Amino acid sequence: MSGQGVVPGPDGLLRCPWGLEAETMADYRVYHDTEWGRPVHGDDALYERISLEAFQSGLSWLTILRRREGFRAAFADFSIAKVAEFTEADEQRLLADPGIIRNRAKIAATISNARAAAALAPGELDELIWSHAPAPDGRPVPRTATDVAAITPESTALSRDLKKRGFRFVGPTTAYALMQACGLVNDHLADCHSRDTV
């Protein structure tokens, strides 16, 4: 499906092909239609997206999406202040939690990233991330999935800035996925019904 343009759903609406991979993936369709590409603001909300994108690395996004409530429960609703105070005992608890992806390095990075975020002034994480949003009219509108980049100069710069502040698991590809998910860029395809609503 990677080279496809939009595809019609069972409701007749045209969508990006990943939003309609299979009927068993209705979660994808809802996420595509109601969340992906819409602007996200707030330090805790953006910290959640950084964390989930890091956990997604090497896995299907659907795996993360279906465990999102488990992640929220395990990581104190992604409250930066609360996760920054997690201890070694919390890390051990998380490693035993079947509701999340039990990857030691990613769990440690999520806690470490909360501490890095907590060291910033209120609103600074939001400001830092959004400072890397490219001008919307300076980007070509993608017509097929192959027109969508995996890394951009902006995501490389965002990755570098986050790493400079102590964040981990935030390479340029993960940073670009964050930018797509949080509305810094609009990568809904040209004829996708969601493109104009974001």
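This report covers the salt bridges of a predicted model.

## Basis

Local features need pLDDT of at least 70, and side-chain atom pairs count only at pLDDT 80 or more, while totals for chains, interfaces and linings use all residues. Residues are numbered from 1 along each chain as its sequence is written, and side-chain values use heavy atoms, with hydrogens and water left out.

## Salt bridges in total

The model has twelve salt bridges. The term means a side-chain nitrogen of Lys or Arg within 4 Å of a carboxyl oxygen of Asp or Glu.

## E48 and its partners

E48 pairs with R68 at 3.1 Å, N to O. E48 sits in helix α2 (residues 43-56) and R68 in helix α4 (residues 68-74), 20 residues apart. Helices are DSSP runs of H or I, at least four residues long, numbered from the N terminus. Both E48 and R68 are buried (under 20% relative accessible area, 1.4 Å probe, protein chains only).

E48 also bridges to R72, with the closest N and O atoms 2.9 Å apart. R72 lies in helix α4 and E48 in helix α2, so this pair ties together parts 24 residues apart in sequence. The relative accessible area of E48 is 7%. R72, at 22%, is partly exposed (between the buried limit of 20% and the exposed limit of 50%).

## A pair within helix α6

R93 and D90 form a salt bridge, their closest N and O atoms 3.3 Å apart. Both lie in helix α6 (residues 88-95), three residues apart, about one turn of the helix. R93 is partly exposed at 36% relative accessibility. D90 is buried at 18%.

## Network

Shared partners join E35, E48, R49, R68, E69 and R72 into one salt-bridge network.

Notes:
Helices (H or I, at least four residues) and strands (E, at least two) are DSSP runs, numbered from the N terminus.
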